[in-house]
Amino acid sequence: LLVCDESVATKTGKERVPGRVRVRITSRRKRLIDPDNCIGKFAVDCLRYAGVLQGDAFKDITYEVRQEKVARKKDECTVIEIL
(Lines give C-alpha, C1' and ligand atoms only; values in the text may rest on other atoms or scores of the structure.)
Protein backbone atom coordinates (compact mmCIF):
# COMPACT_ATOMS: atom_id res chain seq x y z
CA LEU A 1 0.00 0.00 0.00
CA LEU A 2 1.50 3.31 -1.10
CA VAL A 3 0.73 6.27 1.13
CA CYS A 4 1.91 9.84 0.56
CA ASP A 5 1.57 12.79 2.91
CA GLU A 6 1.73 15.54 0.32
CA SER A 7 -1.00 17.22 -1.65
CA VAL A 8 -1.67 15.62 -5.03
CA ALA A 9 -1.85 19.14 -6.44
CA THR A 10 1.92 19.58 -5.98
CA LYS A 11 2.59 17.22 -8.90
CA THR A 12 3.54 18.83 -12.20
CA GLY A 13 1.71 16.32 -14.37
CA LYS A 14 4.87 14.70 -15.72
CA GLU A 15 3.63 11.32 -14.48
CA ARG A 16 0.50 11.54 -16.66
CA VAL A 17 -0.67 8.22 -18.02
CA PRO A 18 -1.15 8.39 -21.82
CA GLY A 19 -4.15 6.90 -23.64
CA ARG A 20 -7.20 5.22 -22.20
CA VAL A 21 -6.59 3.62 -18.80
CA ARG A 22 -8.58 1.60 -16.30
CA VAL A 23 -9.16 3.22 -12.92
CA ARG A 24 -10.11 0.65 -10.30
CA ILE A 25 -11.24 1.79 -6.86
CA THR A 26 -11.57 -0.91 -4.22
CA SER A 27 -13.20 -0.09 -0.89
CA ARG A 28 -12.12 -2.61 1.75
CA ARG A 29 -14.68 -2.46 4.54
CA LYS A 30 -15.74 -4.47 7.55
CA ARG A 31 -19.37 -3.66 6.81
CA LEU A 32 -20.21 -3.43 3.13
CA ILE A 33 -22.36 -0.55 1.94
CA ASP A 34 -24.96 -0.20 -0.80
CA PRO A 35 -23.27 -0.12 -4.23
CA ASP A 36 -24.67 3.32 -5.07
CA ASN A 37 -22.95 4.77 -1.98
CA CYS A 38 -19.53 3.46 -2.97
CA ILE A 39 -18.44 6.02 -5.54
CA GLY A 40 -14.99 7.30 -6.35
CA LYS A 41 -15.77 10.51 -8.24
CA PHE A 42 -13.74 12.57 -5.78
CA ALA A 43 -10.67 10.33 -6.20
CA VAL A 44 -10.89 10.36 -10.00
CA ASP A 45 -11.30 14.15 -10.02
CA CYS A 46 -8.22 14.51 -7.79
CA LEU A 47 -6.16 12.35 -10.15
CA ARG A 48 -7.32 14.49 -13.07
CA TYR A 49 -6.59 17.80 -11.31
CA ALA A 50 -3.12 16.51 -10.34
CA GLY A 51 -2.42 15.70 -13.99
CA VAL A 52 -2.08 11.95 -13.45
CA LEU A 53 -5.04 11.30 -15.77
CA GLN A 54 -5.60 13.15 -19.03
CA GLY A 55 -9.31 13.35 -18.28
CA ASP A 56 -12.26 11.51 -16.81
CA ALA A 57 -14.37 11.21 -19.96
CA PHE A 58 -15.35 7.87 -21.51
CA LYS A 59 -12.58 8.20 -24.10
CA ASP A 60 -9.98 8.61 -21.31
CA ILE A 61 -10.84 6.00 -18.68
CA THR A 62 -12.59 2.77 -17.90
CA TYR A 63 -14.00 3.12 -14.40
CA GLU A 64 -14.48 0.25 -11.96
CA VAL A 65 -15.65 0.47 -8.33
CA ARG A 66 -15.81 -2.57 -6.08
CA GLN A 67 -15.89 -3.61 -2.44
CA GLU A 68 -14.10 -6.27 -0.45
CA LYS A 69 -15.06 -7.40 3.01
CA VAL A 70 -12.34 -7.34 5.69
CA ALA A 71 -12.46 -8.91 9.14
CA ARG A 72 -11.28 -5.95 11.24
CA LYS A 73 -11.99 -2.22 11.28
CA LYS A 74 -8.25 -1.47 11.28
CA ASP A 75 -7.94 -3.26 7.91
CA GLU A 76 -10.38 -0.87 6.20
CA CYS A 77 -8.91 1.22 3.39
CA THR A 78 -9.50 2.45 -0.13
CA VAL A 79 -7.17 1.24 -2.89
CA ILE A 80 -6.92 3.19 -6.14
CA GLU A 81 -5.23 1.47 -9.08
CA ILE A 82 -4.42 2.88 -12.50
CA LEU A 83 -3.97 0.01 -14.91
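This is a predicted model: local features need pLDDT of at least 70, side-chain atom pairs count only at pLDDT 80 or more; totals for chains, interfaces and linings use all residues.
Start by selecting Lys 41. Its side chain is exposed, with a relative accessible area of 52%.

**Stop 1: the partner of Lys 41**

The side chains of Asp 45 and Lys 41 form a salt bridge, at 2.9 Å from N to O. Asp 45 is buried, with a relative accessible area of 11%, whereas Lys 41 is exposed. Why can these two be found about one helical turn apart? Because Asp 45 and Lys 41 lie four residues apart in helix 1, residues 41-49. Side chains of opposite charge can pair when their charged atoms come close.

**Stop 2: other salt bridges**

How many salt bridges does the structure hold? There are eleven. Several are worth a click.

- Select Arg 48 and Asp 56. They form a salt bridge, with the closest N and O atoms 3.3 Å apart. Asp 56 is partly exposed at 34% relative accessibility. Arg 48 is also partly exposed, at 27%.
- Select Glu 68 and Arg 66. Their side chains meet in a salt bridge at 3.7 Å, N to O. Glu 68 counts as partly exposed at 29% relative accessibility. Arg 66 counts as partly exposed at 33%.
- Select Arg 22, Arg 24, Glu 64 and Glu 81 together. Salt bridges link these four in a network.

**Stop 3: the whole fold**

Switch to a cartoon view. The protein has one helix and three strands. Along the sequence, the pattern reads β-α-β-β.

**Stop 4: strand 1 and strand 2**

Select residues 21-29 for strand 1 and residues 61-69 for strand 2. These two strands run parallel, and nine bridges join them. Follow the chain from strand 1 through helix 1 to strand 2: this β-α-β crossover is right-handed. For a landmark in this pair, show Arg 29, which stands opposite Lys 69 in strand 2.

**Stop 5: strand 1 and strand 3**

Do they run parallel or antiparallel? They run antiparallel, with six bridges between them. Show Thr 26 here; opposite stands Val 79 in strand 3.

**Stop 6**

In soluble globular proteins, nonpolar side chains tend to be buried together.

**Last stop: the whole chain**

Zoom out and colour by accessibility. The protein has 83 residues, and 25% of them count as buried. Then turn on contacts. Among contacts between residues at least 6 apart in sequence, 83% join residues at least 24 apart. The pairing of strand 1 with strand 2 and of strand 1 with strand 3 can be reviewed in this view.

Notes:
Residues are numbered from 1 along each chain as its sequence is written. Side-chain values use heavy atoms; hydrogens and water are left out. Buried means under 20% relative accessible area, exposed over 50%, partly exposed in between (1.4 Å probe, protein chains only). Two strands pair if DSSP finds at least two bridges between them. A crossover is right-handed if, with the strands pointing away from the viewer, the path from the first strand over the helix to the second runs clockwise. Contact means heavy atoms within 4.5 Å.
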